[in-house]
Amino acid sequence: MMKFNPLKLFKLSRMRRLRCQSNREIQDYEQSVLALLGTMVIVWAGIERMLDELIASYQQNFTDLSIKHPKPLSSKTKYIERHMETDERFPEGTLKFFRKLREGVEQLSDDRHEIIHGVLRRSEGSLNWKSQRVFIEGPNAWIRHREFDHKEIADLVSRMGEFSRYVAERIWVIIGGDIDAAPTDSAQETLRQLLAREVDPE
C-alpha cells in the first residue's frame, strides 16, 4: 500500500499552480504585444492617410497635376522633399513643418517596418521578440535580425501617437480645415506658427 505523503502532494500541487500562472502570464503578455501591434497599424494608417490628404491638397491647389500622386511611402516623402519643402510660396513656418513631417515619418517608419513587415516571433525561453527583415539591393539580398522587448514596442507606439497628434492639427490647418471646428483648442496658435516668416536681416 502506497503511503500518503502530504508534503509531496503539496509540492506537486504548488508546481502545477505556478506552471498555470506562468502560462497565463505569458499568454497575457503575448496578447498585450498583439494589442500594441494592432494599435501601431491603426495609428500608422492614420498618418499615411494624412500624408495623402496633404499631398492631394497641394497638387490640386499648387500644381498643374502633371505628376501622379505618389503611392509608396518612400515616394510620398520624396515628393514632399522635392516639391513641397522647396516651394517658396509657403511661409518659412510651413516649410519647416514639411521638413519635420518628412523626417518624422522617415524615422518612425524604419522601426515600424522592422516590426510590421519583419517576421516577428517571440524568442524561445524569453519574453523578447525577434524580427527578420529582408533587404534587396540589386541582385543581392540579405536579412537583418533585431530584437525588441515589450517596452521598446510600447515606446514606439507612444511616439507614433504623439507624432500623429502633432501633424493632424497642422495638416488640418494647411488643407483649409475650419479653424473653429479644429479637433483641438490650439489651432489658432498652430496657424500663427505655420504663417511665421523669417525675419529679414537688417
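Asp110, Asp111, Glu114, Arg133, Arg144, Arg146 and Arg159 are tied together in a network of salt bridges (a salt bridge being a side-chain nitrogen of Lys or Arg within 4 Å of a carboxyl oxygen of Asp or Glu). The model is a predicted one, so local features need pLDDT of at least 70 and side-chain atom pairs count only at pLDDT 80 or more, while totals for chains, interfaces and linings use all residues. Residues are numbered from 1 along each chain as its sequence is written, and side-chain values use heavy atoms, with hydrogens and water left out.

Salt bridges turn up elsewhere too, and a search of the whole structure comes back with 15 of them. Side chains of opposite charge can pair when their charged atoms come close. One of these pairs is Arg102 with Glu85, whose closest N and O atoms are 2.3 Å apart. This pair links distant parts of the chain, with Arg102 sitting in helix H3 and Glu85 in the loop between H2 and H3, 17 residues apart. Helices here are DSSP runs of H or I with at least four residues, strands are runs of E with at least two, and both are numbered from the N terminus. Both Arg102 and Glu85 are buried, where buried means under 20% relative accessible area, exposed means over 50%, and partly exposed is anything in between (1.4 Å probe, protein chains only).

Glu92 bridges to Arg99, with the closest N and O atoms 2.8 Å apart. Glu92 is partly exposed at 24% relative accessible area, and Arg99 is also partly exposed, at 28%. Then there is Lys151, which forms a salt bridge with Asp155, again with 2.8 Å between the closest N and O atoms. Both residues belong to helix H4 (residues 150-174) and lie four residues apart, about one turn of the helix. Lys151 is exposed, with a relative accessible area of 57%, whereas Asp155 is partly exposed at 34%.

Back in the loop between H2 and H3, there is also Asp87. With a relative accessibility of 8%, Asp87 counts as buried. Its side chain makes a polar contact of 2.7 Å with the side chain of Arg89. A polar contact is a pair of N or O atoms within 3.5 Å; within protein, one must be able to donate a hydrogen and the other to accept it, and residues adjacent in sequence count only if both atoms are side-chain atoms. The loop between H1 and H2 holds Leu65. Most residues other than glycine have a negative phi, yet Leu65 has a positive phi of about 65 degrees without being a glycine. Leu65 is partly exposed, with a relative accessible area of 47%.

Now for the sheet. Three strands make up an open sheet in the order E1-E2-E3, with antiparallel pairing. E1 (121-122) and E3 stand at the edges with a single partner strand each, so one side of each has no neighbour in the sheet. Two strands are taken to pair if DSSP finds at least two bridges between them. E1 and E2 pair over two bridges: Arg121 has Lys130 as its bridge partner in E2, and Arg122 has Trp129. Strand E2 (residues 129-137) and strand E3 (residues 140-148) are joined by nine bridges. Along this pairing, Arg133 stands opposite Arg144 in E3, and Val134 stands opposite Ile143. The hairpin of E2 and E3 has two residues between the strands, and Gly138 there takes a positive phi near 60 degrees.

Helix H1 (6-62), helix H2 (73-84) and helix H3 (92-116) are the elements that give two or more residues to the lining, and H3 gives the most, with six. The space in the pocket comes to about 220 Å³. Grid points are joined across faces, edges and corners, and the volume is the space filled by probe spheres set on them. By class, the lining has three nonpolar, five polar and five charged residues, with Asp, Glu, Lys and Arg counted as charged, Ala, Val, Leu, Ile, Met, Phe, Trp, Tyr, Cys and Pro as nonpolar, and the others, Gly among them, as polar.

Technical notes: On a 1 Å grid over the protein atoms alone, a cavity is a set of points where a 1.4 Å probe fits but cannot get out, and a pocket is an open set with protein on both sides within 12 Å along at least five of seven lines; lining residues have an atom within 4 Å of a point.
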